Amino acid sequence: MRKIISLLSVLLLLQSCVDNSKTFPEDADGVFYGDLIVDDYTDKHVGISVTRCPDSTVDIFFNDVKFATMMPVRIDITVKGVPANENEDVISFTALNIDPYVNEKAKPQSEYRFAEISGTVKGKELVLSARMADNLKPSRAGKRFSFRGTCK
């Protein structure tokens, strides 16, 4: 009985160490960790996944991000159907005027439109840049994103 209780205690301890806040897509090709720089704000140790789709596009998932110190909540952003090219071990992608999905919303959210988003995945490194549209509310309009991360 003592062994069973010890085993249950260990399992509960391990369970408490699991980070359930990560909501990456199950079919994600890799998760890249690095710093997301948005204008003069840096969100440290952000996870971004890039998932290849059969139609020569990629889906890009930003997990639990903020754009500014004063942003009251963290959000998930998914940019779906970004045209991509794959050449040897390099995936390049770019899109203009694309509306991302935010959190669990069923439809793209135009109030978070990216005027442009582009990047490359080379080996275990993702380099990404993006700019939000200029006609958004002032706290989002024209914000510039840059990210460099590695896949663990």
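Biologist: What stands opposite Ile37 in S9?
Modeller: Ser146 does. This is a predicted model, and in it S1 and S9 pair in the antiparallel sense over 7 bridges.

Biologist: And S1 with S2, over how many bridges do they pair?
Modeller: The pairing of S1 and S2 is antiparallel and runs over 7 bridges. Val38 is placed opposite Tyr41 in S2.

Biologist: Which residue takes a positive phi in the hairpin of S1 and S2?
Modeller: Asp39, with phi near 50°. That hairpin has 2 residues between the strands.

Biologist: Which residues other than glycine have a positive phi besides that one? Start with S3.
Modeller: In strand S3 there is Asp64, with a positive phi of about 55°. Most residues other than glycine have a negative phi. Asn97, in strand S5, also has a positive value, near 45°.

Biologist: Is Asn97 buried or exposed?
Modeller: Asn97 counts as exposed because its relative accessible area is 55%, and the cut-off for exposed is over 50%. Asp64, at 30%, is partly exposed.

Biologist: Stay in S5. What does Thr94 touch?
Modeller: Leaving out residues up to four places away in sequence, Thr94 touches Val82, Pro83, Ile117 and Ser118. Thr94 lies in strand S5, residues 90-98, and is partly exposed with a relative accessible area of 45%.

Biologist: Now Lys143. Where is it?
Modeller: Lys143 is in the loop between strand S8 (125-132) and strand S9 (144-151).

Biologist: What does Lys143 touch?
Modeller: Val38, Asp39, Phe67, Ala130, Arg131 and Met132, not counting residues up to four places away in sequence. Asp39 is the hairpin residue with the positive phi.

Biologist: Change of topic. Which residues touch the most other members in the largest nonpolar core?
Modeller: That core has 35 residues, and the ones that touch the most other members are Ile60, Phe62, Phe67, Val79, Phe93, Ile117 and Leu126. Two or more residues come from each of S1, S2, S3, S4, S5, S7, S8 and S9.

Biologist: Which strand gives the most?
Modeller: S4 does, with 5 residues.

Biologist: Take Phe62. What does it touch?
Modeller: With residues up to four places away in sequence left out, Phe62 touches Leu36, Gly47, Ile48, Ile75, Asp76, Ile77, Val79, Ile117 and Leu128. Val79 and Ile117 are also among the core residues that touch the most other members. Ile117 is one of the residues that Thr94 touches as well.

Biologist: Back out to the whole chain. How many helices and strands are in it?
Modeller: There are 1 helix and 9 strands. The order from the N terminus is α-β-β-β-β-β-β-β-β-β.

Biologist: How many of the residues count as buried?
Modeller: 39% of the 152 residues. The accessible surface comes to about 9400 Å², and 53% of that belongs to carbon and sulfur atoms.

Biologist: Last one. What share of the contacts with a separation of 6 or more is between residues 24 or more positions apart?
Modeller: Those residues account for 40% of such contacts.

Conventions
Residues are numbered from 1 along each chain as its sequence is written. This is a predicted model: local features need pLDDT of at least 70, side-chain atom pairs count only at pLDDT 80 or more; totals for chains, interfaces and linings use all residues. Side-chain values use heavy atoms; hydrogens and water are left out. Helices (H or I, at least four residues) and strands (E, at least two) are DSSP runs, numbered from the N terminus. Buried means under 20% relative accessible area, exposed over 50%, partly exposed in between (1.4 Å probe, protein chains only). Contact means heavy atoms within 4.5 Å. A nonpolar core is a set of buried Ala, Val, Leu, Ile, Met, Phe, Trp, Tyr and Cys residues joined through side-chain atoms within 4.5 Å. Two strands pair if DSSP finds at least two bridges between them. Accessible areas come from the Shrake-Rupley method with a 1.4 Å probe; for residues, only the protein chains shown count as cover.
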